Amino acid sequence: MGVEGIGAKVLRKEDRRFITGMGRYTDDMSVPGMKYAAFVRSPHAHAKITSIDASAARDMPGVIDFLDGQQLKADGIGNIICGWQVNSKDGSPMKMGAYPALADGVVRYVGQPIGIVVADTRNQARDAADAVMIEYEELPVVVKGPDALKDGAPQLHPEAENNLCFDWEIGDEGATAKAFENPAKVIRLDILNNRLSPNPIEPRAALGHYNPAEDHYTCYTTSQNPHVARLVMSAFYNVAPEHKLRVIAPDVGGGFGAKIYIYPEEIVCLWASRRTLVPVKWTSDRTEAFLTDAHGRDHVSKVEMALDENHRITGLRVETIANLGAYMSLFSSATPTYLYATLLSGQYNIPAIYANVKAVYTNTAPVDAYRGAGRPEATYLIERTMETAARELGISPAEFRRINFIRSFPHQTPVIMNYDTGDFEACMEAGMRMADVAGFEERRTEAKSRGKLRGLGMSCYIEACGIAPSKAVGSLGAGVGLWESAEIRVNPVGTIEVLTGSHSHGQGHETTFAQVVSQRFGVPVENVQIVHGDTDKVQFGMGTYGSRSGAVGCSAIVKALDKVEAKAKKIGAHLLEADEGDIVIENGEVKVAGTDKKLAWHEVCLGAYTGHNLPDGMEPGLKEGAFYDPQNFTFPAGCYICEVEVDPDTGVTKIVQFIAADDFGNVINPMIVEGQVHGGLAQGIGQALLEGVNYDESGQLVTASYMDYAMPRAWDLPMFKVETLVTPCTTNPLGLKGCGEAGAIGAPPAVINAITDAIGNNDLTMPATPEKVWNAINAVA
Amino acid sequence: MSTVSMTVNGRKVSGECEDRTLLVHFLRDNLHLTGTHVGCDTSQCGACVVHLDGKSVKSCTMLAVQASGSEVTTIEGIAKGQDLHAVQTAFKEHHGLQCGYCTPGMIMTITDMINRHGSDLDEETVREELDGNICRCTGYHNIVKAALDAASKMGAGQQQVAAE
Ligand code: FES
Ligand code: FES
């Protein structure tokens, strides 16, 4: 591997350990004396705990201790918090129901942790957890968002009357109402966004280790943001003081949002280690993951779109009920508000928008951000409405979009966002060319001759990444700033370590970040080491979610590189007796421009550390840090086209081609970007065709294993055709927009638009299972 | 408790475990071979696939005692020293992995697939036979490419050996 900079397809540096079985994930960690934890969980969706008897469990072989919520409370461990304050439209703050890490008298969802057993082996811990006797008094249950608001619904939290957490609004209600006074046409749709389970294949795990000799805590955990975990565990949960707590997120096997939050289990393992004075490890099994990993989506919406006689959109009105589950998770308030309704303008000029979101509690697992977080819900709503409108108007979906595309930038939408750049029509044209839309009718006819229904669906998504300017999110209620930090340590021999607050759990940062550094100084990528995921090594960071590692994390690296470059140039100029302004650093050399005077990169680095000959007053060393606070969100956008064939006899949908034309701004490593798109598309197609979290009326989770929750498998998916177009982002130094979530955001409406086109019935909800599709076909036949 | 003996990655090993210990836990906990992963509890995800007497099996689906006396190969055992196995190389070259958690199981399953189908392996067969392996990161696109590339390279290698 040589010098391979921005834009090069560099094979991943991190791969070798994963393909040889040498990856180190949390459950692979062990420390001397380590014991195992099992959690005692609620089997009921809503109940009072009347008694807990752990005497039999305590007597079982290998059992060290059983701890419950009473002891947790007595030790002053704080409740789980939501870190984003959202206010209702009347100005009142959201109503946060108390959420202790181990239940305090009442349980509100199946799987809620009640106690922890610590034992010598995993099996002993589980056996003992089964032997803890708990008496319950069952309470009535509500599982669906709209039902929670009905009169007489079971009430979850004394803090939240009618189960309403907040009743929030955005946009101009009056101006929007005007658009509906005299429209040429109004399109109305009911939209359901199905509840999903993120399902990283590595289950969550935590290893808490209190060292009494040092009075120091270490927590290995499956986290996308270890520093945030440390901050929250110390500042809010009082588990350990921040300076005495080290959080390590080693290799993490996928996150997709589910590993952003700080869950009861890691808090309890750390606390249990202090109580028992042994290191305590817990690893979730898949059923626990389905029961307790934060779910995603679960919106019930009504949308109305007003059009004028020229088919221009004049207004959009949306009402959404967002199911939050039983408790507020860390960012659960932001997901259905500022990450959702701010994207309701889509790629279109819409002069007036108004959205109202009611967030409600139900007896289900907490719901929070899952890949895309709010933007998939917005995109599904808009893009289904666009397609529906085109059909009702009798014009092509492409033409209807062309009429309404935003074409000049920057563009201020009526819902906060200011799009800096983009070329929506170019993406759509690229997508249509790739999909051979012109030849579709012929393919449809051919399919018909085989008895198949062929359909084509489009989705033109826009989303917001690179979360986010700290001041702006602060004014909207965020409890933290959303900058990122980086430190560049140049070693005396010229190799470079990059310490980043971003966290890689599949995204390939060890490669892409190294490419950025390699390009800057012309050093080989193998001479650049990326360090992340350990609060003892990296000073601080906000972690990886919302496709922020490129736009924000990498920008911090660039800022630190600027400082290193400036100092290296000063040293080079001094050593080469040249003017600082004439120094260039490229191809591993520090040169005087226009002359043959030069030094090798490592000679300058060594000079910085020997300190023998530095400019007067300069400190030795070559190490710089930076904090980067973004100026704006970034706005990836693109066009996805899905072509399906439906078998009318069975309702089975087969995706025959899937096209993605994305504008992610500049791209560091096209191979990795394509991989991110593929993975996102698979999750988006999974949502559209297969996946759905399903609770029965009593609040039991019916889809608690891979036997019942349909994950996309190789057989369900086609080879994807993916291209990228580039309008560089104007608000960050590398012009990056982010690519991690686009697939999951843009794909679902493309799939559903294709199926509804094929079957001639627009009344279809996700997941579009064969049964639903068959019924939809027969409803119009 | 039972004493279990088997050959793992060419070495004779034995260890004490509870009768109910699954092979995957014996490999991970007793032998510290943590490359074999656990992703589910219903034998669906394939993160745990190893080879038992030359055939791919889900090591979460059998007891360690059942594997007693067998030859087991895990992800740690398929490279020859520093030389990667063709399937490992293909995964790297085609970006067939992201988080890497499903990868050991994928590689073991695909190696077995190629052993059975040789260079005749086609896309449809790969997708069908990956039925028991779930990847949440890659959308399978690059895994399928890696499998087909490795099949053609390994198949070509076999033909070469035959011709020599
Ligand atoms: S762990 Fe063996 S199939 Fe999932
Ligand atoms: S690479 Fe992450 S699950 Fe397959």
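## How chain A meets chain B

Across the interface of chain A and chain B, 29 residue pairs are in polar contact, both partners at pLDDT 80 or more. A polar contact here is a pair of N or O atoms within 3.5 Å; within protein, one must be able to donate a hydrogen and the other to accept it, and residues adjacent in sequence count only if both atoms are side-chain atoms. Bear in mind that this is a predicted model, where local features need pLDDT of at least 70, side-chain atom pairs count only at pLDDT 80 or more, and totals for chains, interfaces and linings use all residues. Residues are numbered from 1 along each chain as its sequence is written, chains are lettered from A and ligands numbered from 1 in the order in which they are written, and side-chain values use heavy atoms, with hydrogens and water left out.

The largest share, eight residues, comes from α18(A).

In all, the contact (heavy atoms within 4.5 Å) takes 55 residues from chain A and 49 residues from chain B. Together the two chains bury about 4,600 Å², with 55% of that on carbon and sulfur atoms; this is the accessible area (1.4 Å probe) lost on being put together, summed over both. I19(A), I201(A) and M719(A) supply 16% of the area that chain A buries against chain B, more than any other three residues.

The rule (a side-chain nitrogen of Lys or Arg within 4 Å of a carboxyl oxygen of Asp or Glu) finds five salt bridges across the interface. One of them pairs R28(B) with D28(A), closest N and O atoms 2.7 Å apart.

Now for a spot inside chain A: E484(A) lies in strand β19 (residues 484-490). E484(A) counts as buried because its relative accessibility is 0%, the cut-off being under 20% (1.4 Å probe, protein chains only).

| Partner of the E484(A) side chain | Distance |
|---|---|
| R548(A), side chain | 3.1 Å |

Note on methods:
Helix = DSSP H or I, 4+ residues; strand = E, 2+ residues; numbered from the N terminus. Buried < 20%, exposed > 50% of the residue type's maximum accessible area, 1.4 Å probe, protein only.
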